[in-house]
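Hi there,

Here is the structure I promised to pass on. Have a look at it, and then read on for what turned up.

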Amino acid sequence: MKSATLKLYRSLHTWTGILCGLTLFVAFYAGAITVFHEDLHQWQNPGWRTQGQETPADAQKLLTTALAAHPELKGNIAIMPAGSHSSPNNEAYWYDPKIDDWAHKSLADFDPQTRPQHGSELADFVDSVHRTLGIPVAGQYVMGIVSIIYALALVSGVLIHLRQLVDDLFAVRPGKNKKRFWQDAHNLIGVISLPFHIIFAITGALFSLFVILMAAFNFGVFDGQLEKRFIEAVGTVPPNSPQASGKPAAMLSVAQLTARARALAPDFEPSWLGFSNYGDSNAYVEILGNTPQTVSRFTAMTLKATNGSVVKIQTRGERDVNHAVMSSLYGLHFGNYAGDLVRWAYFLLGLSGAVLFYSGNLLWIESRRKHRQQQQARAPYRMAQGTLGWCLGTCLGISLAFSTALLAPMAGLDAARWEKIAGFGGFFVAILWSFARPPARGAVELLMVTAMATLAIPLVNGLVTGDHLLLTPWHGQWAIFGVDLTATLMGAGFVYLAALSRRRSRNGQPNSVWALDGPPDITATTPDAQADAAPIAAR
Amino acid sequence: MWTKFTAGALLGFPLAVALTGLLIWLWPGVWISALIVGLLFFVPLWITAMTTSVLFPRRRDAWLTLAGLNLIAYALLFAAKQWAI
């Protein structure tokens, strides 16, 4: 490749990286945690840990109760069976036009005896941070654009690295030249996890921009037909959904329908039963769920709710190309296709992705350092502060949200609300702090605070629920143990990083932004203009 | 460079839509049955348009070539739709 071309792609890589690196750090850090979405449910709801699992008969009772309480739904309601989402309760879901969102209630919520209590929504919060940075509506499209920029950064990154790719791949050179070390680490992580990143760039963009893309294709390619026939491609519900006939009919029970689904697809684990026109002779149910131990594990079918006859079915070995591809994309993105080993691999790859983006910013800062002079430009200094505040703020905020999920209910507070406040609060305080302090000090302080907040997670769980780290393995509560152990290890990791940062601030090269003494023109309390002009005048 | 890149981003989008659409229409069977598999190609096509547009020697070349490719792609798409039905 010509050196001019190389320069072109280097600059493309730099700018795309700077534009999307920080948001991708958040997506990957929160995404790594979201791999264990279902396990988090058990951790965040201590009541669930001891409660016995509800039965399909309870699901049937919930269905009838919910429809009696909400006749306006006209039998359009869904049931999430107990056990399918780590919850021991069946949950009824329906679309509420008043809040323009799905409402959900369990059997206990309908009982006037039990006071409706809103539990923690920690797992959903972390998931929303992963998908949207926690910003409603717009966040999803922001992340869609970010996915595209991310794909550009991947392509340009591979192109500039291509020449030395084979020779330098495993050469990680620690030593005096910190930039070389970070560059090697950045390249190694980037190349090794490239297939994983390609999957995320493509699926991330498709998931986030789906609505926009469908509009573009509907208008540009399919002459408005896509809107009408779209459901044929992704659903199993008939395209022109059967209207209610108005004649009441006897329905098969939830237990019977589930059994029928399992008979049609062995190993199928239904996690969603979406009813249409329940109670009517023209009622049907769309059953969605997973078939374990296969990459394309997403399985779907629609049955008539009166007799269980198949309307449409999309299972392993019996599905069209659309469902096969869609199902594989879900599997490859969520990493839930081959048990715990693959989930841990996804967790580690997710964290290493976060390191990749963090190291990218470090390289940007390092490559702007002027050697053999103490005075440095302002931009790398600010970038160092911003990167620290943003990235550690993300880690801090999420750790605080974890503890708040268990502490808030004890103080009689709404956990779902306060864990968000703790999360965003930690994030913004970290950013303010990072800009108020020299990076060398801010790094150590923020790392220590994040370490404390992360190590507090198992402690809070132990104190609040009594299920502490030394007990949970003996009770076979592996999900709880896993969350606590991971928090402990990550807290220890943050302490280690704090120690490393402290050492670097003392013994590192003195003209680095990470040195304790710092470049003098920045730490001096001169007005910005003077500080920026000084190095130019000195030349 | 950024002007050429913008050409790749702005004109690359409809181009990628058209080429993806072409693939979906030419796929054996009804078009709707190839929707998702076709969409897989959309992101790589758009990215390719953006990363190659910066290689044009002149800005004008980038805009004109991409506009021309768009015209051809949509003409082919129009033809494919007539033929597919």
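What pattern does chain B follow, read along the sequence? The pattern is α-α-α-α, with four helices and zero strands in the chain; helices here are DSSP runs of H or I with at least four residues, strands are E runs of at least two, and both are numbered from the N terminus.

Before going further, please note that this is a predicted model, where local features need pLDDT of at least 70, side-chain atom pairs count only at pLDDT 80 or more, and totals for chains, interfaces and linings use all residues. Residues are numbered from 1 along each chain as its sequence is written, while chains are lettered from A and ligands numbered from 1 in the order in which they are written.

The C-alpha trace of chain B spans about 40 × 20 × 15 Å along its principal axes. Of its 85 residues, 42% count as buried (20 or more other C-beta atoms within 10 Å of a residue's own, with C-beta atoms placed from the backbone).

Over in chain A, take a look at the strands. β1 (residues 77-80) and β2 (residues 91-96) run antiparallel, joined by three bridges; strands pair if DSSP finds at least two bridges between them. A:Ala78 stands opposite A:Tyr93 in β2(A). β2(A) is also joined to β3 (residues 101-106) by six bridges, again antiparallel, and A:Tyr95 stands opposite A:Trp102 there. These two strands, β2(A) and β3(A), form a hairpin with four residues between them. In the turn, A:Asp100 has a positive phi of about 55°.

Best wishes

Conventions. A residue is buried if 20 or more other C-beta atoms lie within 10 Å of its own, exposed if 12 or fewer, and partly exposed in between; C-beta atoms are placed from the backbone.
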